[in-house]
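Trainee: Can you walk me through this one? I have not looked at it before.

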Amino acid sequence: MHHFEPFLLGAIVLLPLVGFAVNGLTAFLAPERKTIPTVVGPAVLALAFVIALTNFVRMLGAELHEPIVRSYWSWMPVGSLQIDAALQLDQLSMLMTLIVTGVGTLIHIFSVGYMKADPGYARYFAYLNLFVFFMLVLVLGASFPLMFVGWEGVGLCSYLLIGFWYKERKNADAGKKAFIVNRIGDFGFIVAMMLIFSNLGTLDYVEVFDAAPAAFAYGGGVITAITLFLFLGATGKSAQIPLYVWLPDAMAGPTPVSALIHAATMVTAGVYMVARAGVLFALAPVSQVVVAGVGALTALFAATIGLAQYDIKKVLAYSTVSQLGYMFIGVGVGAFAAGVFHLMTHAFFKALLFLGSGAVIHAMHEAFHHTHKDWDPQDMRNMGGLRKYMPVTFWTMWIATLAIAGVWPFAGFFSKDEIIWQAAAHAVGPFAGWYKAIWAIALLAAVLTAFYMTRMMVMTFHGENRTGAAEREHLHEVPAVMWVPLAVLAVLSVVGGWVNVPHAIADLPVLGWIPTSEWLHEWLHPITEHADEIMAANLPALAEAAPLGGGEAFWAITSFAIAVAVIAIAFRIVGSRQYRPAVESPEPVGLARLLYNKWYIDEIYDAVVVRPVVNASKALWRFVDQGIIDGTVNGFGYASRALGWVGSRLQTGQLNTYAFAVAIGVLILLGFVAF
Amino acid sequence: MVTNSLVLAAILFSIGVLGVVVRRNAIILFLCIELMLNAVNLAFVALSRAVGIEGQVFVFFVMAVAAAEAAVGLAIVISIFRHSETVDLKNFNLLRW
């Protein structure tokens, strides 16, 4: 055990910013030059990852109980509000930094192949680097305002990248939608920050979390309000009910962007924030049940929509929303390590799924491009049988599918299972009934997850090819620069869960060969222990058995069995269906139609929120702005002009008139003097 | 005696004002202005008898200025006449609204 000093901490954050500057300048000065972005874009990320890894290795050998805060300069010294531009390195931000830079590097490399022919190549890498910079500010910032800077910055980059192909109206609209929906969440974040400051007088993590347990009563109104407002921010950024609607539309951006921003990193910012503010949430049991409940509802709701989508990226988008719901169940019930664990494994397998879908879309696009066919390269009804043409993509995506479905020994099994189990174990105290329901919903959503993922795989890779005879010849595997990142992520999707094998599973006969290591729990212990203490002091001991009986191991085996069974059933059901290319397919009917149209949520929001706001704005514009405000201002103008006109009539240009006026004036003055 | 002179001065002055207000011929206007100036001179002279000699000094000033003013004014009138063959001020109203 030695003393730990962070190594080039600032450089981790600054390197992507340098990359942004270089690529941004290239985009401005020589957009057709592709060498500079190809080298600089991935290189800065790889370098940042290496530095982060060095820090991580050194941190492993050190006993680090207190977070390390490095303050660079005083950013906002306003009265009693003192905010430094400071970075905080602890176990949680270390893990997030590794995920962001590690997965980010792979996705940057993949992008080199995916965006090869795009005229906005340098601009793309500039945005992507800028995104990573802001994401690192978000996870490494040492105070809520600094997190907010990163929070807004990644939102900006998300907007820029969703609307990357801005010449199409649809894409620009999707970018705006993401931006505007996130504003609602940001409002919550700002209010929460103000409440924290007005109650504690500080916004630095260390001071806030130190002071909070003494300053707030357990379950008090203020802390509940703070955490609920924080969670409102999280629902925006992390796409939870009711603000999830922007994420499926965000698929308008390039697919690697969907992988990096809208699956692996940015959308998990809300989960990170709840885990970071775990002490505050632990003090507010009502907020906890709200977080977990919203997470569970989102997990189920998004999964149902995922069942009936035909666009491969839409399936993955709803799957992401659903999996984020799981993470919120985890951090909501107070199992912060479990939520962060799923965040990590999800980053691996969902990035893999998105990159895999990117590879498929890339191949489909090239095939259609060859023959000038105007079919949708993202519609799974146009695919089928791709396993023959894209074996690497096929196998790696199946690994990710098994991982997300929760099949042992893939990564998702351990993380998802832990979340489901923790929901059951935390079903104690005043909200026990709610947590039991959340547990049941989480199980049900897991069934749906296995089903829709298998459906996607079968429709894409199995059965007969529906691409068309001429196009089929042009289908081929993607180049190495694209499939190597897939392979790396596939390895991580297999072994990523092994860092946190619960003792209960390690004790089982056949399944227990992976050495037990609740490593992640122990690693995050310095972060979560304060929240754990608060909950332990105020809640009864955790439940030993799930609501229907059975312990952790029993339910782990059960959910494994369910996942395998559902995959097998889905394989049979979907495999036996005769799909036809999208242009020849009938419109979906009945329940499928309802799900295909996403429960008509967008239409409902449009009618209930968007239309009234637009109409009210129009009314305000016409009557208040144009009528009253413009009317007043213009009225003053007209009045002075009229007055001026009257006065100007005195200026006749005739000497007589002036002389007359002077004479009258003199007479009046004389009158005053005389009388 | 002083009162009579002042009444005469007032009458002359009023005639001058009236002329300036109602007539349009530039020459007549000049005459009326001279009339007003001389009405004031008369008042000065009349009052100097009661108040002191300074009034008469002032009259010389007024006469000197009036002479200069008449010279400049008549020059303007002549150039106006050369320009448009008339001295009717009705035609000279460029400086209006």
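Trainee: Where is A:Tyr600 placed in chain A?
Mentor: A:Tyr600 sits in the loop between helix H24 (590–596) and helix H25 (601–648) of chain A. Helices (H or I, at least four residues) and strands (E, at least two) are DSSP runs, numbered from the N terminus. Before we go on, this is a predicted model: local features need pLDDT of at least 70, side-chain atom pairs count only at pLDDT 80 or more, and totals for chains, interfaces and linings use all residues. Residues are numbered from 1 along each chain as its sequence is written, while chains are lettered from A and ligands numbered from 1 in the order in which they are written.

Trainee: Is A:Tyr600 buried or exposed?
Mentor: A:Tyr600 counts as exposed because it has 12 C-beta neighbours inside 10 Å. The cut-offs: buried means 20 or more other C-beta atoms within 10 Å of the residue's own, exposed means 12 or fewer, and partly exposed is in between, with C-beta atoms placed from the backbone. A:Tyr600 also has a positive phi of about 60 degrees, although it is not a glycine.

Trainee: What about A:Ala239, what is its phi?
Mentor: Positive, about 55 degrees, and A:Ala239 is not a glycine either. A:Ala239 is in the loop between H8 and H9 of chain A. A:Ala239 is buried, because 31 other C-beta atoms lie within 10 Å.

Trainee: What else is in that loop?
Mentor: A:Pro242 is there, between helix H8 (221–237) and helix H9 (246–249) of chain A. The peptide bond from A:Ile241 to A:Pro242 is cis, with omega near 5 degrees. Another cis bond joins A:Trp408 and A:Pro409, with omega about 5 degrees. A:Pro409 lies in the loop between helix H16 (391–405) and helix H17 (411–425) of chain A.

Trainee: Let's zoom out. How many helices and strands does chain A have?
Mentor: Chain A has 26 helices and 4 strands. Of its 675 residues, 51% are buried. The C-alpha atoms fill a box of roughly 125 × 70 × 50 Å along the principal axes.

Trainee: Which strands pair?
Mentor: Strand E1 (residues 68–78) and strand E2 (residues 81–89) of chain A pair in the antiparallel sense over 9 bridges. Pairing takes at least two bridges found by DSSP. A:Ile68 stands opposite A:Leu89 in E2(A). The hairpin has 2 residues between the strands, and A:Gly79 there takes a positive phi near 55 degrees.

Trainee: Now the core. Which residues have the most contacts inside the largest one?
Mentor: A:Ile329, A:Ala351, A:Ala423 and A:Ala442, in a nonpolar core of 229 residues. Such a core is a set of buried Ala, Val, Leu, Ile, Met, Phe, Trp, Tyr and Cys residues joined through C-beta atoms within 7 Å. Helix H15 (residues 336–371) of chain A gives the most to this core, with 22 residues.

Trainee: What does A:Ala351 touch?
Mentor: Leaving aside neighbours within four places in sequence, its contacts include A:Val103, A:Ile107 and A:Leu489. Contact means that the C-beta atoms, placed from the backbone, lie within 7 Å.

Trainee: Why is helix H11 (residues 269–276) of chain A largely enclosed?
Mentor: Because 8 of the 8 residues of H11 are buried. Among them are A:Tyr272 and A:Arg276.

Trainee: Last one. How many residues does each chain bring to the contact between chain A and chain B?
Mentor: Chain B brings 12 residues and chain A brings 11. Helix H1 (residues 2–22) of chain B gives the most to the chain B side, with 4 residues.

Definitions and conventions. Two residues are in contact if their C-beta atoms, placed from the backbone, lie within 7 Å.
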